[in-house]
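Student: I have a structure open and would like to learn how to read it. Could we go through a few features together?

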Amino acid sequence: MLRLSREDSVLLLTCRGHLQRQEEERLQGLVREDVNWAYIAWRAENNRTIPLLEYHLRRLGAFDVLPAPVKAYVERWTVMSRLRSALEFRNLGRILDALDQEGIPCFLVKGPDLALLYYPEPLLRPMTDVDIMIRAADAWRTQEVMFALGFRHGIFDPSSGGWTDDRKPLGQEMFRDTYALPVFVHIEKVEAPFPADALPAKLRHRHVKAYIGSNNVMHIPIFVDVHFNLSVGIDEEDIWSGVRLANALGRVVRVHSPTGAVWFLAARLYHEAFLYNSLRLLMLGDLHCVLHNQINDIDWAEVAAIAYKYEMRPALYYVLSQVRHLFGIDIPTGFLDLIRPDQKEIPLQHDWGDIVPKLFSIPSLHRVELA
Amino acid sequence: MSKARLFGYAVDDDDGKLVITIDGALAETAIRQIREGAHAGKGGELLMELLPISSLHKLISREKPAEEVLTLEQLLGQNVDQSFSAFEQQLQELRSSINDLSHSDDPDKV
């Protein structure tokens, strides 16, 4: 049994958009106890769940228990994130329109798909970038469309507002080695909601990138990731399987299938954590949001087929088993048994065990006894 | 040779109120700049230079510390890059700025 600390329990409860009544009461109970809010803010920041923490504490009337500097930090982080999301959605609308006019099919994936379709409010889920999926054959035409819209390839420096242009021609090797075009960037300029010195440099440089000039104008980069795959080596037919239509941003758009979102999010959460040390409770919350809303539309046979085809069984087994256990989501046990790594087979390469200790950086040891 | 006042500056105590008077040819430009600066949200930088009690306006015209030069990893990286103790230090700095703001918001404390 791994017992989470009060702080980690708050983090787990506030990493998603929807809570059951008993979970809300649990959170309210924890808030009344002695918890280290600075620690929670630090972990939530790196897990990208600060706006969700703010959302749940505020709606449960518990936000004022935070110490003043933590409260100010969480508030400012959230305002910056929401402002960035609003600008991202504005840009996404014009990208979708332009691609549509050029007859380039695409669908929403990752951040915009999740934020618009599954979260209680579209601005609640922070988006570092805007992700859309195209077909590989449309890569060159899409790049031209993005350039025509004013997007560029390059690097934005939030410490100075500087920009280094880095226009990249698209080569065939890109399709072999990566799964997205070089990131597109457009710099939005809006009135800053805070003076620069009210936002710690780390927040502006790392988490919600922005440069605030002396005239109070904020330069905020909008990053757009145009994918032609979700990872190297996935067949295009598996990416586009089940893509459907939905109403979003005042138009009818293609969106990722819930089944596709489930296997992709579970696999990504697991591999980002163990391969890249990128700990994202937000992705666990994403999974919960999709399953909370669409559990009856998930094709578990397809998820199992993908797990076998791409050797994702450990990732999907550990993550989805914990989603079932931690959040009470009714993932079929028959499905979990089917993808469970077997001790009698050749050990699977990407099997690092349970995801939860890694997500919370808990150095846990199993107590071992001889038979 | 005719004499014209180029710039006059006086500070008077008028029944407990601090009255600053500037006049002369240069003052007209200065007044315009102060007005434009305030509209543009510059925080009265010129005003601060004119005032003898700059500490009064340290918040609205605080000198910005030089921003650190970011490496490519810092520009592109997304992983955890500061310890909890470094984060606590950051919060401590935020606490100071909140205190400064709350003092400046309270006219009795000026």
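Tutor: Gladly! Let's begin with a hairpin: between β3(A) and β4(A) there are four residues, and A:Gly161 there takes a positive phi near 80°. Helices (H or I, at least four residues) and strands (E, at least two) are DSSP runs, numbered from the N terminus. This is a predicted model, in which local features need pLDDT of at least 70 and side-chain atom pairs count only at pLDDT 80 or more, while totals for chains, interfaces and linings use all residues. Residues are numbered from 1 along each chain as its sequence is written, and chains are lettered from A and ligands numbered from 1 in the order in which they are written.

Student: In which sense do strands β3 and β4 of chain A pair?

Tutor: Two strands pair if DSSP finds at least two bridges between them. Here β3 (residues 154–157) and β4 (residues 162–165) of chain A are antiparallel, over four bridges. A:Phe156 stands opposite A:Trp163 of β4(A).

Student: At what angle do helices α4 and α5 of chain A pack?

Tutor: Axes are lines fitted to C-alpha atoms, for helices over the stretch in contact, and angles run from 0 to 180 degrees between N-to-C directions. For α4(A) (residues 50–59) and α5(A) (residues 68–101) the angle is about 115°, with the axes 9 Å apart. So α4(A) is roughly perpendicular to α5(A) (the range is 65 to 115 degrees).

Student: How many residues of chain B are in contact with chain A?

Tutor: Contact means C-beta atoms, placed from the backbone, within 7 Å. By that rule, 26 residues of chain B touch 28 of chain A. Helix α4(B) gives the most to chain B's side, with 10 residues.

Note on methods. Contact = placed C-beta atoms within 7 Å. Parallel < 35°, antiparallel > 145°, perpendicular 65-115°, else oblique.
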